[in-house]
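I would ask you to look at the structure as it comes up, and I shall then take you through it step by step.

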Amino acid sequence: MTETHRRTIRFKLNGRPAVSEIATHETLLEVLRRDFSLFGARESCGQGLCGCCTALVDGIAVSGCLYLAAYADGAEVTTVEGLASGSRLHPIQESFIANCGFQCGFCTPGFILMTKELLERHPQPTTDEIRHYLSGNLCRCAAYPDILRAVKAAAGQKG
Ligand code: FES
Ligand code: FES
């Protein structure tokens with residue numbers, strides 16, 4: 001019989017203290033959805049290939065479907081739900097809306113969080129840098145031209 005190991009993790013989630021009892025094999029995506037009802041990160045490929053499950057851990061984008069929740073102990077985790085300030089959306093969210101950087105929206109939280117990491121590291125990214133950063137995020141609706149425009153606009157650039 002296989003024994004399930006459990007532990008308690010304490011971390012900051014969207015700016016607030018969070019505690020969760022987890023099995024050590026559980027992923028961050030599972031814990032975010034089950035324990036915190038945060039559904040912005042979605043499972044699509046489940047293999048680290050599509051970016052739909054992206055969350056930021058200490059400002060770095062991770063694939064929530066592969067990242068063990070145990071590693072989030074003591075870290076600062078941000079999901080798309082944590083970007084807005086009250087009723088004011090984050091400028092990157094505004095930019096995706098203004099530039100129609102999505103169609104069905106399934107991939108959008110992942111793109112937005114990856115864009116956040118990108119612009120924090122490269123406030124004025126080149127087109128190649130944007131493409132490179134977002135290359136791990138897949139959009140089945142192929143909204144790529146509008147996503148590129150949205151990212152550029154969020155950086156204050158013309159599409
Ligand atoms: S669901 Fe995690 S990368 Fe695709
Ligand atoms: S907008 Fe539909 S998957 Fe990207």
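Let me begin with a term: in what follows, contact means that heavy atoms lie within 4.5 Å. Please also keep in mind that this is a predicted model.

With that term in hand, consider helix 3 and helix 5. On the side of helix 3, Phe-111, Thr-115, Leu-118 and Leu-119 are in contact with Tyr-144, Ile-147, Val-151 and Ala-154 of helix 5. The residues of this contact comprise seven nonpolar, one polar and no charged. Helix 3 covers residues 108–121 and helix 5 covers residues 144–154; their axes come within 11 Å and cross at roughly 40°. Helix 3 is therefore oblique to helix 5. As to handedness, the crossing of helix 3 with helix 5 is right-handed.

I turn now to helix 2 and its packing with helix 5. The angle between helix 2 and helix 5 is about 140°, and their axes are 8 Å apart. Angles over 145 degrees would count as roughly antiparallel, so helix 2 and helix 5 are oblique to each other. Their crossing, too, is described as right-handed. Helix 2 contributes Ile-92, Ser-95 and Phe-96 to this contact, while helix 5 contributes Ile-147, Ala-150, Val-151, Ala-153 and Ala-154. Here the residues divide into seven nonpolar, one polar and no charged.

Ile-92, Gln-93 and Phe-96 of helix 2 meet Thr-108, Phe-111, Ile-112, Thr-115, Lys-116 and Leu-119 of helix 3. The residues of this contact are five nonpolar, three polar and one charged.

Which residues of helix 5 are buried? They are Ile-147, Leu-148, Ala-150, Val-151 and Lys-152. Just after helix 5, Gly-156 takes a positive phi of about 80°.

Next, two individual residues. Gln-93 lies in helix 2, which runs over residues 91–98. Is Gln-93 buried or exposed? Buried means under 20% relative accessible area; Gln-93 has 12%, and so it is buried. Leaving aside residues up to four places away in sequence, Gln-93 touches Val-80, Leu-83, Ala-84 and Ile-112.

The second residue is Pro-125, in the loop between helix 3 and helix 4. Its relative accessibility is 3%, so Pro-125 counts as buried. With residues up to four places away in sequence again not counted, Pro-125 touches Leu-118, Leu-119, Ile-130, Ala-155 and Gln-157. From C-alpha to C-alpha, Pro-125 and Gln-93 are 18 Å apart in space, and they are 32 residues apart in sequence.

Finally, a word on cysteines. How many disulfides does a search of the whole structure find? The search finds zero. Cys-53 is buried, with a relative accessible area of 4%, and Cys-65 also counts as buried, at 11% relative accessibility.

That concludes my presentation, and I thank you for your attention.

Key: Residues are numbered from 1 along each chain as its sequence is written. Chains are lettered from A and ligands numbered from 1 in the order in which they are written. This is a predicted model: local features need pLDDT of at least 70, side-chain atom pairs count only at pLDDT 80 or more; totals for chains, interfaces and linings use all residues. Side-chain values use heavy atoms; hydrogens and water are left out. Axes are lines fitted to C-alpha atoms, for helices over the stretch in contact, and angles run from 0 to 180 degrees between N-to-C directions. Helices (H or I, at least four residues) and strands (E, at least two) are DSSP runs, numbered from the N terminus. Angles under 35 degrees count as roughly parallel, over 145 as roughly antiparallel, 65 to 115 as roughly perpendicular and the rest as oblique. A crossing is left-handed if the near helix is turned anticlockwise from the far one by less than a right angle, and right-handed if clockwise. Ala, Val, Leu, Ile, Met, Phe, Trp, Tyr, Cys and Pro count as nonpolar, Asp, Glu, Lys and Arg as charged, and the others, Gly among them, as polar. Buried means under 20% relative accessible area, exposed over 50%, partly exposed in between (1.4 Å probe, protein chains only). A disulfide is a pair of cysteine sulfur atoms within 2.5 Å.
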